[in-house]
Amino acid sequence: MEFYLAILVGLIFAASTYMLLSRSVIRLVLGVALLGNAVNLLIFTVGRVTRHIPPIIPLDLQGELTGIANPLPQALILTAIVIGFAIFSFILVLAYRAYESLGTDNSDEMRVAEPKKTELTKLTY
Amino acid sequence: MVDPTILSQAMKTTPTLLADWNIIMPMLIPLVFAAGSLMLRGKDKWQMPMAIVAVLLSLFGAANLFLDILYLGPQSLTLSGWLAPYGISFTADALSALFVLVASLVTLLILMYSPADVDKAAIKSGYYTLVLMLLVGVNGSFLTGDIFNLYVWFEVMLISSFGLLILGGEKIQLDGAVKYAFLNLLGTTFFLIATGLLYGITGTLNFAHLFTQVANSEAEGTLAILSLMFLFAFAIKAAAFPMYFWLPAAYHTPRVAVSAIFAGLLTKVGVYALIRIFTVVFPEGNGAAFEIFGILGGLTVIVGGIGAIAQTELRRMLAYLLMSGVGILMIGISIHTDLALAATVQYAVHSMLVMTGLYLLSGVIGRMAGSFEIAKIGGIVMQNHYVAIAFFGLALAVSGLPPFSGLWPKYMMVQAAFMNDNYWLIAAILIGSFLTIAAVGRASIQMIWRGGDVDTPDGQYEARGQRLGAKQLRVMMLPIAIIFMLSFALGIMPESLIRQANLAAYDILNIAPYVKSTLGG
């Protein structure tokens, strides 16, 4: 099971890398969303996938219980999903606002913050 | 029922001492006040005093924690009744405490400057709330003892910095924010990937527990790759070569107070994370051997210096100077002796203060001249002597010349490199310092001494900018004057800071007390 999940994670990483290399901002946004999901799945996989015993300790247990599912990765993923969602909504609005006011979604043409090409200033010293 | 003896191995059976809460106070106080200021949204008059009170209290908390650690060594608190490594730990050593102290101080200085720089609209959009949340994220990152928790603080910091960056929503800010947001997001995501894989190998997220687990782990190859991923993630955060491009693209776009707080705090958190991860989790550097730090650091110093010379915009020049400083910190981590690490800590404190001061000063100069283009600024010395003196002093400080604070850490760093036979790192530091001197020297000749714009004859300059009123100028110059005096004091009496820096370096290299304070035993 972990083997197939690992391959799936790799595929999603590849797809998101492809998207992130694009010039179009909306593809970057989608790439980030994919990347976030790939990471979540990755954490889920590295926590070891087991099927049968839920992570609830019976009241009368004495000693150790083995083979139990790992609850921690799910807590981590939950945190990462919440954070990822907040960030995703932010960059979605940011991309839209940038498109609105800069009039382009091509990151090559977004050069307002970069210095303009001008004649060299005359040396005065 | 569960046997209580088993339970006591995982959970606290006695209540937490009130004194133990000291550790999280510098993070908790601004968090509570940020929530309060969010609730009082719309009451603009309340925002600024609340923020000042919050930062004063957290400065007090930080000082308290610092003294505690000075006398008692590293402190730790594990929350919600669990024992480490099951609960989430906060662990602070001398390094964290010193950084928290300086971060709170820098935030206080920026709040003092803010009334002169931040307009009503920005306050309505929550400027002060965001500044407080940024401090929460920064202090939380410095204090946490849990690697996933560190990721959460990074995100807290990131989202508040996004908010601060686009306050105002101008074209240039949106453009800068797109680059800043995507590249930083990539950095934190890589951090999360590496954290997930590290958890997969070691089964723990607690720094102190990781220290023992990684040392016992047999997956050396995977750990080596992971160390490189951490290096990549934090090098983006710290703006080291070649992952620095977001910094000069974004730091000159927001209002000056925001640039200053970013310059003072954000890159240093990246450096702090590098120090922490590469002493507690990878004490030998593993795959990202310390040579790589040296190469990246040396190149960052030189590229930062060259970039600073090439810029024609004042704040973009400062961005490259900031980056050059990060290179020196990376070099310190690379050499990794107690002398080098003491120099690193000292340089980080110096850089936090001085870069904040320079950015704040760029706001004053920009207003006086009506532009941030160096070619369009002139005659500052004729308009106001104090501004000219402040720029001159801070320029000396940033290039590491006496009598200011930049000299001693650079001197110690060169000495440490000598003792380790790292001659090319010495060359990098010295070339970088020379380039910095050239850049700030050019800037002061053009902005301070030149009569006016390029081509105006001396003495015929009409300032385009606003004449700053005496009161506004006082508000703006007071925090700069404090930084100037601090930098001067640390320059002529360096031993006070060197003692703390040595202590921090000792805590960095001797992890046993850190581990013991978290795990007990």
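The mean pLDDT of chain B is 90, with 95% of its residues at 70 or more. Helix α1 (residues 4-10) of chain B has the lowest confidence in that chain, at a mean of 72, while helix α6 (residues 127-143) of chain B has the highest, at 96. Where pLDDT is low, the predicted coordinates should not be read in detail.

At the interface, 41 residues of chain A are in contact with 44 residues of chain B. Together the two chains bury about 3700 Å², and 76% of this area is on carbon and sulfur atoms. Polar contact across the interface of chain B and chain A amounts to six residue pairs, with both residues at pLDDT 80 or more. On the side of chain B that touches chain A, the elements giving two or more residues are α7 (147-165), α8 (171-202) and α19 (423-449) of chain B. Of the residues on that side, α8(B) gives the most, with 19. By class, the side of chain B that touches chain A has 27 nonpolar, eight polar and nine charged residues.

One joins the side chains of B:K179 and A:E114, at 3.8 Å from N to O. This pair joins two chains because B:K179 lies in helix α8 of chain B and A:E114 in the segment after α3 (72-102) of chain A. A:E114 also meets B:R316 in a salt bridge, again at 3.8 Å from N to O. Here the pair crosses from the segment after α3 of chain A to B:R316 in helix α14 (residues 314-335) of chain B. Both A:E114 and B:R316 are buried. A network of salt bridges links A:E114, B:D175, B:K179 and B:R316.

Within chain B, the side chains of B:D93 and B:R276 meet in a salt bridge of 2.8 Å, N to O. The pair links distant parts of the chain, 183 residues apart: B:D93 is in the loop between β2 (89-92) and α4 (94-117) of chain B, and B:R276 is in helix α12 (residues 256-281) of chain B. B:D93 is buried, with a relative accessible area of 0%, and B:R276 is buried too, at 2%.

Finally, B:F232 lies in helix α10 (residues 220-238) of chain B. With a relative accessible area of 29%, B:F232 is partly exposed. Not counting residues up to four places away in sequence, B:F232 touches B:F190 and B:M243.

Notes. Residues are numbered from 1 along each chain as its sequence is written. Chains are lettered from A and ligands numbered from 1 in the order in which they are written. Side-chain values use heavy atoms; hydrogens and water are left out. Contact means heavy atoms within 4.5 Å. Buried area is the accessible area (1.4 Å probe) that two parts lose on being put together, summed over both. A polar contact is a pair of N or O atoms within 3.5 Å; within protein, one must be able to donate a hydrogen and the other to accept it, and residues adjacent in sequence count only if both atoms are side-chain atoms. Helices (H or I, at least four residues) and strands (E, at least two) are DSSP runs, numbered from the N terminus. Ala, Val, Leu, Ile, Met, Phe, Trp, Tyr, Cys and Pro count as nonpolar, Asp, Glu, Lys and Arg as charged, and the others, Gly among them, as polar. pLDDT is the predictor's confidence in each residue, from 0 to 100. Buried means under 20% relative accessible area, exposed over 50%, partly exposed in between (1.4 Å probe, protein chains only). A salt bridge is a side-chain nitrogen of Lys or Arg within 4 Å of a carboxyl oxygen of Asp or Glu.
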